[in-house]
Amino acid sequence: MHAKEELLASVIARLIGDARHVAVGAASPIPAAGALLLKQKRPELRLSFLHKRKGNPFSEGSRELFDLAGQGRIDVFFLGGAQIDGEANLNLVRAAKSRFPGSFGSAFMYFAVKRVILFREEHSARVLVKKVDFVSAPGWSPPEVERTGGPVALLTGRALFVWQKARRRFRLESLHQDEDVRAHTGFDYDAADPVARTPPPAPEDLDLLRGPVAKEMAANYPDFARRVWRLE
C-alpha cells in the first residue's frame, strides 16, 4: 500500500526526468518530495528550494531564484493556481467574491523556465475551470511574444494531463484510480485511448520516500512528514 502523496511524488520524479536544475517554491511539499526522490537516484541533480529552514542558498529569497530563471539556469519549476483552465491559464488573484494571495512571480517563471509542471492536488470543477476569472499567468503566448518556457503537464490528485502545445489544450494521460474525471473537470480535454492507470510507486521508490526523503522532508515540511510518514 502507498499513500496518495507518495504516488504523486513518484509521478513528479518521473516528469522531472533528465533535468539538471529543479526549483521548488514555497509551500510545495509534494513537488519537493518528488524532486528529493529523484535526487536520491541522480545525486548530480541540483535542487533549489525556497522553503528550506536550514542551509537555504538564497539569502534574498525569490529575487535570486528569478535571476537564475532569467538566465535560463532552471530547467523545471512548479506552479499552481486557485483556478486553472483548459488553455493552462492560471488565476492566483481573484474569483467570484474570493481574493487570493496574488500572482507574485508566477507569470515571470511561467515565461522563463523551460518546463513548468502545473500541480494542484484538488481536482474539481471549482479549480479546473472552463475559463479562469482572471489571467495572472497565461498558459500560451502568440508567436510574436518571446517566451522560453511554458507548461508540460498538469498533475492533480485524480489524474495526469500532458500539455499539447500545438493544440493549446490538455490530453488526459492517466488516471490514479478508475473514475470519470470529466464530471470533476470544468474544461474540455483530449484523452488517450485507452486511458492508462497511473503506475504506482516502485518498491525501491517507496523505500527511498519513507527513508532518506522523509527524513529530509521532516526538517523543512514537518507537518507534512508527520501526516504522511508519522515522523516527528
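This is a predicted model: local features need pLDDT of at least 70, side-chain atom pairs count only at pLDDT 80 or more; totals for chains, interfaces and linings use all residues.
1. The protein chain contains six helices and 13 strands. Its radius of gyration is 17 Å, close to the 17 Å that the globule rule gives for 232 residues, so the protein chain is as compact as a globular protein of that length.

2. As for dimensions, the C-alpha trace of the protein chain spans about 45 × 40 × 35 Å along its principal axes. Of the 232 residues in the protein chain, 50% are buried.

3. A further point concerns contacts within the protein chain: among those with a separation of 6 or more, 65% are accounted for by residues 24 or more positions apart.

4. How do the axes of helix α2 and helix α5 cross, and at roughly what angle? Helix α2 covers residues 29-41 and helix α5 covers residues 203-220, and their axes come within 9 Å and cross at roughly 115°. Because angles of 65 to 115 degrees count as roughly perpendicular, that makes α2 roughly perpendicular to α5. The crossing in which α2 passes α5 is right-handed.

5. Which residues make this contact? From α2 come Pro-29, Ala-32, Ala-33, Leu-36, Leu-37, Gln-40 and Lys-41, while α5 contributes Asp-205, Leu-208, Leu-209, Pro-212, Val-213, Glu-216 and Met-217. Sorted by class, the contact of α2 with α5 has ten nonpolar, one polar and three charged residues.

Notes: Residues are numbered from 1 along each chain as its sequence is written. Side-chain values use heavy atoms; hydrogens and water are left out. Axes are lines fitted to C-alpha atoms, for helices over the stretch in contact, and angles run from 0 to 180 degrees between N-to-C directions. Helices (H or I, at least four residues) and strands (E, at least two) are DSSP runs, numbered from the N terminus. Angles under 35 degrees count as roughly parallel, over 145 as roughly antiparallel, 65 to 115 as roughly perpendicular and the rest as oblique. A crossing is left-handed if the near helix is turned anticlockwise from the far one by less than a right angle, and right-handed if clockwise. Contact means heavy atoms within 4.5 Å. Ala, Val, Leu, Ile, Met, Phe, Trp, Tyr, Cys and Pro count as nonpolar, Asp, Glu, Lys and Arg as charged, and the others, Gly among them, as polar. The radius of gyration is taken over C-alpha atoms; the globule rule is 2.2 Å times the number of residues to the power 0.38. Buried means under 20% relative accessible area, exposed over 50%, partly exposed in between (1.4 Å probe, protein chains only).
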